[in-house]
Amino acid sequence: MDSSAGDAPEMLVSRRASSKTAGPIPADDGGFRLICTDFDGTLAEPDGRPIASSFFKRLRAWRKLGRVYWVINTGRTQENLTAELARRQVPIWPDWAVAIEREIWIYRNRRAVGWFEWNRKCELMHTQLFASVGPVWKLIEDFVARHTGAELVADAGSPLGIIAQSEDEADEISAYMEPVLANWPMLVAVRNSIYFRFSHKFYHKGACLEAISQNLGITPNQVLVAGDHLNDLPMLDRRYARYIVGPANSVDEVKARIFSQGGCIGTRNYAEGVVEAWEQLLPMPGASTELKNQPRSDAV
Ligand SMILES: [Mg+2]
């Protein structure tokens, strides 16, 4: 754990005085080396448009100074993410991906190769866990069917998936499940907006980021992480990343977590907000103020 956690002030990029309210944190331990981003809602907008070019421009600029890895950490399946990256025509592909919040994949020439040891153990742990918590599935299915309009669906990552009709309904389902799941402490519900799947307590976005960082010989002090929704909370932690950011469209729980961890929220949505907060916490070495991304007058 970073011993300096909690030292940095809360940061919110301000339209009025961004350079005064958000002082940069100097990189140490050999500098910034890894950016880990959620995909949907953090970089990618729901309308399917290309991801903001400013994100790739900044990644390229950092890569001129040294090796900086990019990890996409998503709830999508690997196949779905790969297809979406191609569809959105990303100019740079990630080096690694975390799929369904727990599987780890390495991209080589735009093709994903699974991290065999990690994924095999992960699958084994989940198979054993899901088989050991049999009664829980019927309890949850009955509640959802009788008391909500949510849809029970097949899910790539767990025996049961749920799609609520609204955030409010998802809140109701969360409230019901909390005491139920207390009886099975290794089983957790992973919520992303109106979507739910179930997972082993030890496998989440943060654990996967830690495993990738350690594999690359990168310390948390060299990592920046970005997320927008509840399934990102496990990785928005100084245990895994010194620099923690989110776009303006992040949900309130995520904003509160980012602030509590000394991170920064952009005033813009999606990738542009991520870049804005990234620039505040990690200015390009030697960059002049003219190169900084200034918030637009119509920024949210
Ligand atoms: Mg998201």
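Visitor: Among contacts in the protein chain between residues at least 6 apart in sequence, what percentage join residues at least 24 apart?

Guide: Start with the word contact. Two residues are in contact if their C-beta atoms, placed from the backbone, lie within 7 Å. Here, 58% of those contacts join residues at least 24 apart. A note on the source: this is a predicted model, where local features need pLDDT of at least 70, side-chain atom pairs count only at pLDDT 80 or more, and totals for chains, interfaces and linings use all residues. Residues are numbered from 1 along each chain as its sequence is written.

Visitor: How many helices and strands does the protein chain have?

Guide: Both are DSSP runs, numbered from the N terminus: helices are H or I with at least four residues, strands are E with at least two. The protein chain has 9 helices and 13 strands.

Visitor: What share of the residues in the protein chain is buried?

Guide: Count neighbours. A residue is buried if 20 or more other C-beta atoms lie within 10 Å of its own, exposed if 12 or fewer, and partly exposed in between; the C-beta atoms are placed from the backbone. Of the 300 residues in the protein chain, 43% are buried.

Visitor: Which residues of helix α3 are buried?

Guide: In α3, residues 78–87, they are Gln-78, Leu-81 and Leu-85. They span an arc of only 65 degrees around the axis, so they sit on the same side of α3. That arc is taken from the directions from the helix axis to the C-beta atoms. On the other side of α3, Glu-79, Ala-83, Ala-86 and Arg-87 are exposed.

Visitor: What covers the buried residues of α3?

Guide: The cover includes β3 (69–73), β4 (96–99), β5 (103–108) and β6 (111–114).

Visitor: How do β5 and β6 run, and how many bridges join them?

Guide: Two strands pair if DSSP finds at least two bridges between them. β5 and β6 run antiparallel, joined by 4 bridges. Ile-106 stands opposite Val-113 in β6. The two strands form a hairpin with 2 residues between them, and Asn-109 in the turn has a positive phi of about 50 degrees.

Visitor: What is the strand order in the open sheet of 4 strands?

Guide: Read across the sheet: β7-β8-β10-β9, with antiparallel pairing. β7 (151–153) and β9 (187–192) are at the edges with a single partner strand each, so one side of each has no neighbour in the sheet. β9 pairs with β10 (residues 195–200) over 6 bridges. Asn-192 stands opposite Tyr-195 in β10.

Visitor: Which strands does helix α6 lie across?

Guide: Angles run from 0 to 180 degrees between N-to-C directions; axes are lines fitted to C-alpha atoms, for helices over the stretch in contact. α6 (residues 167–181) lies across β8 (161–163), β9 and β10, at about 170 degrees to β9.

Visitor: At what angle do the axes of α2 and α9 cross?

Guide: Roughly 35 degrees, and the axes of α2 (residues 53–63) and α9 (residues 270–281) come within 8 Å. Residues making the contact include Phe-55 of α2 and Trp-278 of α9.

Visitor: Is Cys-122 buried or exposed?

Guide: Cys-122 is found in helix α4 (residues 116–132). Cys-122 counts as buried because it has 22 C-beta neighbours inside 10 Å. Leaving aside neighbours within four places in sequence, Cys-122 is in contact with Arg-102, Glu-103 and Tyr-203. Cys-122 and Tyr-203 are 81 residues apart in sequence, yet 7.5 Å apart in space, C-alpha to C-alpha.
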